[in-house]
Amino acid sequence: MPAHGSETRSLGIQPFLSPPALFERYAPLRDWLAEQIGEPVQLQSARTRSAFLRRIAAERYDFVFTSPHVVPLLTEETGYRPVAATVDRLAIVLVVRSEAQFTQIEDLADTTIAAPFEESLAAAFLKYTLSYLEWPYGSSAPTVRHHHHHSGALTTFARGEADALVVVTDGDLIARLPHDTTVQRLMSLGDGTLVRIIANSPSFPGMTLLASNDVLLGSPELEERLIGLRKTPEGQEVLQKIRHRGFITVEESDYRPFRPDTFQRQLPSMRDAMTH
């Protein structure tokens, strides 16, 4: 039975972009899921990550597409089960403009950093990283400007209203860059802006699609079909539109880094969302 008795199944997307951008990007995935399960599927999201967590804690959605750090608690505390994870790995980067004089995080004293919403993984990594630094005498820690989603932070940085930016990016790209911090590590943002990386997290698993137990009971081949998207022209077209290279089998070990604290300790816990 669809979530909350609706006649339409729902696909909840973590709000890492503005709602219009999310819905445009993931409409092909919605349509593909509807075709697979033989029922209409509606795209949904939330204005903030906290609101999204409350909704998945209440199992408001039939499908959930979310970042990996909430997957362990979802599987432990709700009726959602992982279907597959994206092939793409992710990483968090702290970047400045390529021509900027900043060479290390300590140089960002008295500056402004653009960041996604405070409860996001990127913002948690930034808070964790800054918390270990001592700033030069007479200087202050950077001012962090939080936005409702990544695209808002990118816009602020692009307009020159922030000196640095923290954002989630391609983890495979980061893994290929030199680890020597004395070497300039450059990358391009989506708008073509060349930036220099001054700090980054290790890479971690990409987005994960989860589904409610009753959906999986009715569609036992869903995982196999999702992983098989890369093998057909039609599937490749769907992947190209949603900007993911494909899906792979979920391995429990992929989520172990999110069970210990790491920088996740800066995040509100899933259990908090369930009780508020």
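Reader: What is the strand order in the open sheet?
Author: In this predicted model, six strands form an open sheet in the order β2-β1-β3-β11-β4-β12, and the pairing is mixed.

Reader: Which are the edge strands?
Author: They are β2, residues 41-44, and β12, residues 247-248; each of them pairs on one side only.

Reader: In what sense do β4 and β12 pair, parallel or antiparallel?
Author: Strand β4, residues 80-86, pairs with β12 in the antiparallel sense, over two bridges.

Reader: And which residue in β12 is the bridge partner of alanine 85?
Author: The bridge partner of alanine 85 is isoleucine 248.

Reader: Which strands does helix α2 touch?
Author: Helix α2, residues 49-57, packs on the sheet and touches β1 (9-13), β3 (63-66) and β4. The direction of α2 makes about 145° with that of β3.

Reader: Turning to the helices, at what angle do the axes of α1 and α9 cross?
Author: The axes of α1 (residues 19-37) and α9 (residues 233-242) cross at roughly 155° and come within 8 Å. Because angles over 145 degrees count as roughly antiparallel, α1 is roughly antiparallel to α9.

Reader: Is that crossing left-handed or right-handed?
Author: The crossing of α1 past α9 is left-handed.

Reader: Which residues meet there?
Author: From α1, Arg25, Tyr26, Pro28 and Leu29 meet Val238, Lys241 and Ile242 of α9.

Reader: How many residues in that contact are nonpolar, polar and charged?
Author: The contact of α1 with α9 has five nonpolar residues and two charged ones, with no polar residues.

Notes. Residues numbered from 1 in each chain as written. Predicted model: local features only at pLDDT ≥ 70, side-chain atom pairs only at ≥ 80, totals over all residues. Heavy atoms only, no water. Axes fitted to C-alpha atoms, helices over the stretch in contact; angles between N-to-C directions. Helix = DSSP H or I, 4+ residues; strand = E, 2+ residues; numbered from the N terminus. Parallel < 35°, antiparallel > 145°, perpendicular 65-115°, else oblique. Left-handed = near helix turned anticlockwise from the far one by under 90°. Contact = heavy atoms within 4.5 Å. Nonpolar A, V, L, I, M, F, W, Y, C, P; charged D, E, K, R; others polar. Pairing = 2+ DSSP bridges.
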